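Please look over the sequence and the 3D structure shown here before reading the report.

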Amino acid sequence: MQNQDDKLKKIISHCKEYGFVFPSSEIYDGLSATYDYGPYGSELKNNLREYWWKAMTRLHENIVGIDASIFMHPTTWKASGHVDAFNDPLIDNKDSKRRYRADVLLEEYIGKLEAKNNKEVEKAKSKFGDAFDETKFRATNPNVLRNSEKIASVEQRMKQALENSDLAGLKQLIEDCEIADPETGSRNWTEVRQFNLMFSTELGSVAGDAATIYLRPETAQGIFVNFLNVQKSGRMKIPFGIAQTGKAFRNEIIARQFIFRMREFEQMEMQFFVKPGTELEWYAYWKEARIKWHMSLGMNSDNYRFHDHLKLAHYANAACDIEFNFPMGFKELEGIHSRTDFDLGAHEKFSGKKLRYFDPESNESYVPYVIETSIGLARMFLATLSSAYDEEKLEDGSERTVLRIPPALAPVKVAVLPLVNKDGLPEKAREIVKMLQLDFNLQYDAKDAIGRRYRRQDAIGTPYCITIDNDTMTDESVTLRERDSMKQERVRIEKLREIVGQRVSMHTLLQQLV
Ligand code: GAP
């Protein structure tokens with residue numbers, strides 16, 4: 001598969017064709033940036049969530065889970081800073097009437113300059129071969145130097161304008177860079193305005209009684225406001241963590257790239273409460289723990305990298321992203337943030353309630369510091385499919401599309417296939433289904449030639465197919481076919497549960513983390 005753009009398109013159409021992801025309310029032409037998960041998609045999503053949840057709560061005796069509501073008291077979002085500061089700087093094009101994020105237009109402009117530099121480097125590399133010294137070339141080539149200076153200057157001015165909320169400065173920078181509407185080429189821009197990303201609605205059925213409330217833009221605040229409830233009811237001792245998965249909503253302006261950026265999505269977040277002064281040690285601990293979780297899935301370590309935040313949010317004293325090599329390039333998959341005592345401190349101030357921990361060992365009481373790990377479930381879903389999707393040329397010249405999903409996450413674990421639809425084979429296959437259905441999500445399929453049935457299972461990522469043939473009737477054995485190697489082995493029926501169980505169990509993944 002050569003072209004990455006192409007790959008995303010193929011994944012999107014594969015997801016639709018095989019029931020992983022559909023555009024939301026498609027019969028009404030869909031609603032932008034919202035998607036529905038189909039039969040296989042919801043299984044895969046549940047498995048990803050389960051793996052995250054078990055890794056957090058089962059493998060750490062000091063982490064417990066909660067399930068807070070989506071609606072919260074509106075003051076929550078005042079305290080968290082979302083009412084005042086959860087904004088995107090937007091600019092409209094007067095001719096095309098299209099709306100863009102000003103910072104994204106500038107980042108794309110920088111991206112183009114970087115691409116130009118990379119092209120120059122590639123050209124020189126192929127010209128000079130082994131003798132090529134890339135560092136020296138970048139430091140001396142006039143074209144590359146000119147572009148690099150431009151990049152540094154635009155970055156510097158953008159950072160300054162964003163930090164100072166200087167919207168006129170952002171507009172000026174867009175004009176100075178001669179940035180045009182990517183769709184139409186027009187440079188007729190409005191002023192830049194701030195746009196809050198929270199969805200609001202009204203509580204209360206009587207007119208006049210209504211209060212504005214928000215759909216939560218992150219699940220984290222449900223954890224912070226429950227800090228004392230959980231600590232006291234569970235007699236938790238610091239350090240301890242609270243995990244939560246659930247929906248979050250953001251009125252994203254640039255909602256593109258399939259399920260990567262949506263307006264309604266699920267987060268899997270964990271807030272780890274620590275003694276002030278120990279937070280950077282725990283930050284390092286969680287960076288390592290989270291990358292280990294990703295590595296356990298075997299989705300090629302080259303596809304991951306850490307990206308440290310250069311510009312820290314005012315409440316953080318360290319932050320990084322785990323980036324994944326999506327078909328659109330390396331992009332944020334998960335965030336790990338050292339959030340100091342900002343959130344609990346702010347909720348203390350706004351609620352007037354003490355949110356402190358009394359440390360029986362040191363006899364002191366303090367507002368704990370927090371390390372947060374936050375991953376989007378849809379992004380994890382897309383990462384899994386991007387790494388799993390493969391079009392393979394087989395020895396006989398034919399092709400198959402196969403999803404090499406880690407077996408423990410695969411939507412369907414086993415397909416049970418009678419070779420022919422007669423001679424008692426379907427009945428025997430049904431017996432096997434009955435024997436295995438409490439342990440595995442499985443499918444019975446008796447339609448079409450066996451080769452076509454294998455292809456159907458490959459396309460949804462089923463790691464094992466069990467084929468029942470005439471010999472099965474006498475030797476009580478079946479053929480077990482493995483998805484990736486397509487190797488077949490003969491296995492006794494009584495051994496099936498154990499053999500398949502070992503290979504598709506989530507234990508195998510979790511064991512790598514203990
Ligand atoms: N509580 C911290 C927090 O919400 P964030 O970086 O804004 O931090 C965390 O979001 C994660 O949520 C991201 O790394 C990403 O995986 C996911 N996420 C954020 N916005 C998203 C969107 N619009 N669509 C899908 N996933 C999103």
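## Basis of the report

The structure is a predicted model, and the descriptions below should be read with that in mind.

## The ligand and its shell

Around the ligand there are 21 residues, and of these E218, R250, M262, E269 and E332 come nearest. When the shell is sorted by class, it has 10 charged residues, together with 6 nonpolar and 5 polar ones.

The ligand taken alone exposes 560 Å², and the protein buries 91% of that. Two or more residues of the shell come from each of the elements β10 (264-274), β13 (329-338) and β16 (369-376), and among the contributors β13 gives the most, with 5 residues.

## Helices α5 and α8

Two packed helices are described by the angle between their axes and the distance between the axes. For helix α5 (residues 102-128) and helix α8 (residues 167-176), the axes come within 10 Å and cross at roughly 35 degrees, and the crossing of α5 and α8 is left-handed.

On the α5 side, A102, L105 and L106 take part in the contact, and they meet L170, L173 and I174 in α8. By class, this contact of α5 with α8 has 6 nonpolar residues, with no polar and no charged ones.

## Two points of backbone geometry

Most residues other than glycine have a negative phi, and most peptide bonds are trans. Against that background, the peptide bond from I238 to P239 is cis, with omega near 5 degrees, and P239 is found in the loop between α10 (227-233) and β9 (240-249).

A33, although it is not a glycine, has a positive phi of about 60 degrees. The residue A33 lies in the loop that runs between β1 (21-23) and β2 (35-37).

Definitions and conventions:
Residues are numbered from 1 along each chain as its sequence is written. This is a predicted model: local features need pLDDT of at least 70, side-chain atom pairs count only at pLDDT 80 or more; totals for chains, interfaces and linings use all residues. Side-chain values use heavy atoms; hydrogens and water are left out. Axes are lines fitted to C-alpha atoms, for helices over the stretch in contact, and angles run from 0 to 180 degrees between N-to-C directions. Helices (H or I, at least four residues) and strands (E, at least two) are DSSP runs, numbered from the N terminus. A crossing is left-handed if the near helix is turned anticlockwise from the far one by less than a right angle, and right-handed if clockwise. Contact means heavy atoms within 4.5 Å. Ala, Val, Leu, Ile, Met, Phe, Trp, Tyr, Cys and Pro count as nonpolar, Asp, Glu, Lys and Arg as charged, and the others, Gly among them, as polar. A residue is near a molecule or strand if one of its heavy atoms lies within 4 Å of it. Accessible areas come from the Shrake-Rupley method with a 1.4 Å probe; for residues, only the protein chains shown count as cover.
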